[in-house]
Amino acid sequence: MKKELDYFTVDDDYGFDQEKFSNLLMKMGGCAAVTICDCFIYFKKYKFLDSLYPYTTDTIRKKDYIAFSNVIKPYLHPRMSGIDSLEIYIDGVCSYLSDISEKRLMLSGFSGNESVKNAMRFIESQIDGEYPIPCLILRHSNPALKDFVWHWFLITGYEIIDDVFKVKLVSYGEYIWIDLNTLWNTGFSHRGGLIKFEIVS
């Protein structure tokens, strides 16, 4: 079984590549802002929440994306410790939604301390509902995941092969597939987690 969300490109990148920010702070610490910018574009393009992103979604232009990121930056601005909790992320996004009077999109958190089995169910439910999933990893014992340490990225798909549950991770304008069990079991007690979206009428 395999389920992938429809998505979009920015200058041939899968979503936006954080390295293409000219602002050094955003290039180094703008990962949280990139995930929500990508999500807002997705929600306008595929869920018809037009208020979330002020530019066209027929073709996502780099200059429009960067201009929009400057709007989002004050809500999820880079800081010394990073956006290192689900609560900081949710508070920032909800402040933006309040300021634009968008009441249809709701957010909540799914703790990284939940079991991998519960995480699998959560991811299935969100992707089946056609919602991208922002994910925060803080520390990780697997050196192969060094690019995802202290980092926000997106999950935009899952695949079940025999007993292996793989997820599609989106970051820096690219994607990779990885076993959820490997991703979820960080080897540390201090963990991040996932963001749940829900559109209400």
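Student: How do the residues of the lining of the second largest cavity divide into nonpolar, polar and charged?

Tutor: Five are nonpolar, five are polar and two are charged. Ala, Val, Leu, Ile, Met, Phe, Trp, Tyr, Cys and Pro count as nonpolar, Asp, Glu, Lys and Arg as charged, and the others, Gly among them, as polar. The lining includes R139 and R191, and Arg counts as charged. This is a predicted model, where local features need pLDDT of at least 70, side-chain atom pairs count only at pLDDT 80 or more, and totals for chains, interfaces and linings use all residues. Residues are numbered from 1 along each chain as its sequence is written, and side-chain values use heavy atoms, with hydrogens and water left out.

Student: What makes a space a cavity, and what makes it a pocket?

Tutor: Both are sets of points on a 1 Å grid over the protein atoms alone. In a cavity a 1.4 Å probe fits but cannot get out. A pocket is an open set with protein on both sides within 12 Å along at least five of seven lines. Lining residues have an atom within 4 Å of a point. The search finds two cavities of 30 Å³ or more.

Student: Which residues lie closest to the centre of the largest cavity?

Tutor: F16, V34, V170, S171 and Y172, out of 15 lining residues. Helix 2, strand 6 (151-161) and strand 7 (164-171) each supply at least two.

Student: Why is helix 2 called a helix?

Tutor: A helix is a DSSP run of H or I with at least four residues, a strand is a run of E with at least two, and both are numbered from the N terminus. Helix 2 covers residues 31-47, so its 17 residues pass the cut-off. Its span is 23 Å, close to the 24 Å expected. That expected span is 1.5 Å times one less than the number of residues. Just after helix 2, F48 has a positive phi of about 65 degrees.

Student: How do you know that helix 2 is mostly covered?

Tutor: Of its 17 residues, 14 are buried. Buried means under 20% relative accessible area, exposed over 50%, and partly exposed in between (1.4 Å probe, protein chains only).

Student: What makes a nonpolar core?

Tutor: Buried Ala, Val, Leu, Ile, Met, Phe, Trp, Tyr and Cys residues, joined through side-chain atoms within 4.5 Å. The largest core has 65 residues, and F40, F43, Y89 and I123 touch the most other members. Helix 2 gives the largest share, eleven residues.

Student: Which residues does Y89 touch?

Tutor: A32, T35, I36, L76, I83, L107, P134, W152 and I195, leaving out residues up to four places away in sequence. Contact means heavy atoms within 4.5 Å.

Student: What lines the largest pocket?

Tutor: 20 residues, with M28, G29, C31, G82 and W150 nearest its centre. Helix 1 (24-29), helix 2 and strand 6 each give two or more. The volume is about 300 Å³.

Student: Which element gives the most to the lining of the second largest pocket?

Tutor: Strand 8, with three residues. That pocket holds about 150 Å³.

Definitions and conventions. Grid points are joined across faces, edges and corners, and a volume is the space filled by probe spheres set on the points.
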